[in-house]
Amino acid sequence: MSSALDRQVRPIYDALDTGSNKSAIVTCNKILKKQPKNELVKALKALALVRSQKVEESLVLCDEVLAAKPTDDGVLTAMMHVLRGLGRHRDTVVMFEDAFKKEPTNEDLGAQTFLSNVRAGHWKSAQQIATKLYKTFQEDRYLYWSVMSAVLQANDMSTSIAMRPVLYQLANRLISSSPTPSFHSADRFHLHLSILRELKLYDEAMKLLDSEIGIHICQSSLVCNEMRRDIYRLKGLLIEEGKKAEILITEKKDRNWLEFLSVIDATFSTVDSDKDATIAECSRVKDLFTGIMENDGKRDRSGLLALLELEKRCRQYGLPTDSTRMVDLIQQYFEKIGDKACCFEDLLPYVHLAGDDLSRWTSFLQSVPSTVTTTNELQRSTNSHKLLRHNLAQSDLTIEAELSRATLYTKQYLEGLQLGKDLPTTELQPADDLAILAGHAFISLWVLSNDEKYLLNAVSLLEFASSKSKQSFRIRLMLIRLYRILGAPSPALEHYRAMRIKQIQNDTLSHFLFSRSSMFSLAPSGDLTLMSEYVEASQIYINNSQDTPEFIVRAFTSEKYSQIPEFISFENRLECSLQRDISKLEHTRMRLAFEPVSVDIIDMELIESKFIFDREHFDNRDYKVMPNYQPRIQQTLNEQTLLFGKSEGLGWLWSFLKLYVRAFQHGSDLDETVEEKLLIGDRPKHIPNAHHCPLKERLHQRSEEELLELTPHELTYIRYADVLADWLEPHHDYVRPPPAVVLAEAAKQTELKTGHPLKGIELPVLDGISNGHKKDEEAPPVTEAPAELTTFFDDMKARFEKVKEQSSPTEALAVACLMQEALILFMLETLRFKQASVVKIHKLGNLVASFKAIRTHALAAVRDVSAQLVKMSENEGTVEQRKIIVDSCAEVTMSELDHDFVLNVAKKLSDARKKVLEGYGKGMLRVCTLYAN
Amino acid sequence: MSVLRSFKATDMFTFNNINLDIWTETYNVGFYLSYLSRWPDLCCVQESPNGRQMGYVIGKAEGSNTEWHGHVTAISVAPEYRRLSLARKMMTLLEMVSDNIYRGYFVDLYVRCTNNVAIELYEGLGYSVYRRVREYYGNLGVGKGGRDEEDAFDMRKPLSRDPGRRSVRTNGRDMLVSAHDVP
């Protein structure tokens with residue numbers, strides 16, 4: 001670049017860096033006046049335009065620059081950002097490939113071309129370019145790039161199963177041809193081993209592993225050692241692995257649990273062929289572990305836990321063993337580790353006892369003193385409660401018995417608080433788990449009796465515990481679930497926010513907030529809280545698609561091959577996250593209630609929901625973060641506290657998605673061919689052969705399995721929606737203007753907006769078809785409106801009458817929400833027929849006339865329910881209502897947890913119910929007004 | 001007693017029981033990926049026998065000449081797994097890799113001047129205060145500790161490449177530097 005030009009463009013870069021896109025555009029225009037052909041300035045202007053959301057204008061410039069096939073580094077870099085902003089990753093690849101073809105000796109350009117293929121996930125061409133780079137520039141790293149690319153191509157979902165071994169063989173040939181051996185670096189070594197493992201060339205792998213340098217690498221590289229362990233196991237070398245592990249344990253004092261497992265696996269590896277030998281080996285290993293246990297004392301619990309695991313396996317394989325030994329060991333473990341929080345979790349795999357064992361263990365636990373004067377005692381007592389609770393039988397789970405447990409836990413909790421009273425607010429209280437246990441018992445009581453007062457007790461106690469231990473996220477998670485069940489979404493949101501959920505947690509934990517959240521959305525009455533929470537949370541997916549590929553590139557440039565498959569899997573799991581699309585769907589449902597349905601919304605939602613429809617989803621939702629101390633014969637706490645006892649899975653998503661994709665397709669003029677032409681940016685990668693039948697057929701399929709994930713109310717709504725869609729589909733398909741007409745209109749709009757014609761579209765002559773009439777097809781007959789469309793509203797209203805008596809408004813809101821949604825869906829499905837010209841040309845007068853009766857009926861029902869919700873809200877937030885709640889909480893109102901505290905909880909709960917009932921009711925009324933005509 | 005294994009990108013999906021703790025920051029995805037794409041061997045996880053994450057350490061290698069060293073960027077253990085010497089084991093691994101693979105002169109880490117439990121732990125492992133960094137941490141709003149709350153000790157432990165222990169000093173607590181002067 002000449003220094004004069006450099007001086008001229010510097011301000012543009014500065015403006016772009018500081019986000020002043022406007023001033024960047026102004027500067028670009030100034031230079032372009034004098035030098036209209038300056039590619040760099042054009043590229044920078046395109047970038048500034050993309051960043052100011054002026055996509056159409058940017059496209060024009062972008063294509064001009066691309067057509068000139070640039071090779072200048074600055075232009076290429078700017079264009080890379082432009083194309084990324086437009087989602088045109090494939091064009092980036094082509095641009096670099098063209099540039100590299102022009103300058104095949106430019107190494108940097110070659111590497112950039114390779115990396116652009118990496119960003120786009122084009123492993124096949126990446127592999128070819130890397131091979132070419134290696135041939136031309138003779139750098140080892142290019143060879144390894146090509147090896148890695150071949151492996152990634154093999155692992156790609158779009159590669160056929162038959163091709164996979166071929167690609168691995170290619171990778172093996174390439175890596176074997178390397179002039180420097182793979183043990184040059186741990187990551188190259190790891191890559192080599194992974195190829196040999198895949199090809200089952202274990203002997204070759206062993207040769208590498210058993211070499212001096214191989215042993216050395218595995219000693220200091222965890223990833224390589226994990227690979228080594230795996231290869232030994234696959235090769236069946238359990239005994240050798242056991243010996244190695246034993247040396248590590250005894251000589252190097254290694255306490256990695258994996259080593260202990262290796263010793264135990266080795267012990268039982270001959271159990272089928274030589275039982276006597278196994279018995280002898282067992283007793284030797286027992287002595288070994290006993291020695292370690294005695295030696296380590298309290299410093300490390302591996303020895304004792306290994307003895308437990310050994311005993312468990314002995315029993316599994318039916319080897320002779322002392323009948324009392326298992327319980328002896330468990331008790332010994334409790335004696336020693338009982339004052340640590342992890343004791344319960346450590347012992348879980350070993351306490352599934354029965355008969356005499358169980359009664360011995362139970363009476364042992366019952367004899368643990370229930371005093372909580374020291375932290376150690378407190379922890380022991382807590383552990384004994386958890387372990388006792390875990391093994392409770394059905395006969396132990398009566399109301400009386402659970403109630404006395406709840407009271408015991410609560411009393412001990414309040415006593416135990418004394419131990420932590422001087423701790424700073426940033427510390428957890430040592431007694432927290434007792435409050436959590438009491439919460440469990442109250443929830444179990446609710447499950448047993450269906451009496452809401454137990455949930456109120458749980459909330460009061462947990463709110464108190466949360467006020468004493470502000471950092472306990474486990475208490476907050478329980479409260480979030482309980483408030484949602486109790487129909488009080490705003491305190492649930494408060495607790496959610498207090499946990500400072502951010503970044504990746506917006507994917508793994510947002511189910512606590514967004515699960516079935518449209519029933520709590522007050523958007524139509526002007527409160528956009530939930531919708532904006534969604535927008536904020538979904539930012540993580542944008543970050544993922546923008547940032548993660550850059551780190552895959554970095555891992556290539558720093559040759560950390562062991563990380564690359566993991567990064568790709570991470571990116572893919574986040575991109576195709578089930579939670580992402582479940583909350584997206586909830587957002588769509590909220591949005592439809594908030595904005596009047598229009599063609600713009602329909603078109604946009606159609607494209608987005610179709611992308612979702614073709615994804616292979618991954619469930620990243622973290623449920624394990626919820627505590628669970630419920631008896632093992634009961635459901636887990638997580639299952640017990642899901643709204644309506646059901647978690648939305650793939651079946652739920654498909655059920656609703658099919659409904660909405662169909663409805664949006666009906667309402668939209670964008671059929672497949674139009675969409676193809678108008679869409680800017682790449683489509684998501686498709687997996688060939690994953691779906692055998694066409695979209696339209698798949699949309700019509702409803703499977704029992706999917707529908708099982710719905711609540712009864714949701715199921716009724718889906719049935720209604722299907723009837724509605726089936727009834728109107730033929731008319732939509734007939735009336736929809738042909739693609740040519742739609743494209744012509746789009747072209748006209750674009751030209752009006754940008755002054756440039758729409759690129760890449762050749763418009764056919766439109767004479768004769770401009771009115772959209774398909775002359776060669778017969779119009780479908782107009783049929784009578786299905787009765788289900790009106791009876792749905794009657795049915796749902798009847799259900800509402802029934803559930804509104806419940807003190808928690810949650811189910812009433814769920815029914816009301818679906819009624820409102822059904823009304824909106826009806827408006828969406830009939831939007832096309834609002835145009836008088838369409839009705840006239842196609843003689844649809846009779847069809848449209850039948851809409852009115854349905855709409856009037858639906859509006860009346862929704863209005864009625866909305867008025868009732870507002871009425872219900874008037875009963876909340878009152879002195880009487882608070883008193884009812886306070887009186888229900890008698891079980892926990894004691895000592896520090898006094899009447900005043902409970903009264904505050906009651907106020908918070910009842911006010912929140914009032915807010916949601918009133919807001920939802922008024923919102924429904926607004927929706928009705930919107931569609932009254 | 002726990003499984004010591006490498007930190008993987010997908011561990012981000014399951015580290016909530018560690019990261020929801022107030023003392024542990026959840027960084028953006030790029031933070032973890034940038035460490036893993038450069039120093040994967042300085043990042044590891046402790047896992048319980050039934051597969052729950054108990055804690056992790058994230059480290060890097062940096063500095064030039066005799067300042068070349070291993071650095072502990074983040075070390076965290078979930079509340080229910082504290083006092084089980086997990087941090088000690090992860091530190092041992094990080095020191096071993098910094099020594100054998102990176103051939104660093106020392107390992108260093110930053111700790112709040114108020115965090116006596118941690119300081120004692122690190123001293124027990126052979127670390128000593130090299131300097132005090134002013135206003136290194138943002139205020140958590142707890143306030144009780146005053147200045148100590150925001151200042152950090154930079155603690156160091158020499159590795160085998162520094163047999164003369166030139167990377168440490170005895171009067172480190174008195175050496176004050178500002179946060180701008182440290183990397």
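Visitor: What counts as a helix here, and in which helix is D98(A) found?

Guide: A helix is a DSSP run of H or I that is at least four residues long, numbered from the N terminus. In this predicted model, D98(A) belongs to helix α6 of chain A, which covers residues 89–102.

Visitor: Is D98(A) buried, partly exposed or exposed?

Guide: One counts the other C-beta atoms within 10 Å: 20 or more means buried, 12 or fewer means exposed. D98(A) has 15 such atoms and is therefore partly exposed. Its C-alpha atom is separated by 8.3 Å from that of T71(A), a residue 27 positions away along the chain.

Visitor: How many helices and strands does chain A have, and what percentage of its residues count as buried?

Guide: Chain A contains 47 helices and zero strands. Of its 933 residues, 44% count as buried. The C-alpha trace spans about 95 × 85 × 55 Å along its principal axes.

Visitor: What percentage of contacts in chain A join residues at least 24 apart?

Guide: Taking contacts between residues at least 6 apart in sequence, 68% link residues at least 24 apart.

Visitor: How many residues of chain A are in contact with chain B, and which helices supply them?

Guide: The contact involves 52 residues of chain A and 46 residues of chain B. Helices that each supply at least two residues of the chain A side include α14 (222–234), α18 (302–316) and α31 (539–557). The largest share, seven residues, comes from α31(A).

Visitor: Which classes of residue make up that side of chain A?

Guide: The side of chain A that touches chain B has 20 nonpolar, 18 polar and 14 charged residues.

Key:
Residues are numbered from 1 along each chain as its sequence is written. Chains are lettered from A and ligands numbered from 1 in the order in which they are written. This is a predicted model: local features need pLDDT of at least 70, side-chain atom pairs count only at pLDDT 80 or more; totals for chains, interfaces and linings use all residues. Two residues are in contact if their C-beta atoms, placed from the backbone, lie within 7 Å. Ala, Val, Leu, Ile, Met, Phe, Trp, Tyr, Cys and Pro count as nonpolar, Asp, Glu, Lys and Arg as charged, and the others, Gly among them, as polar.
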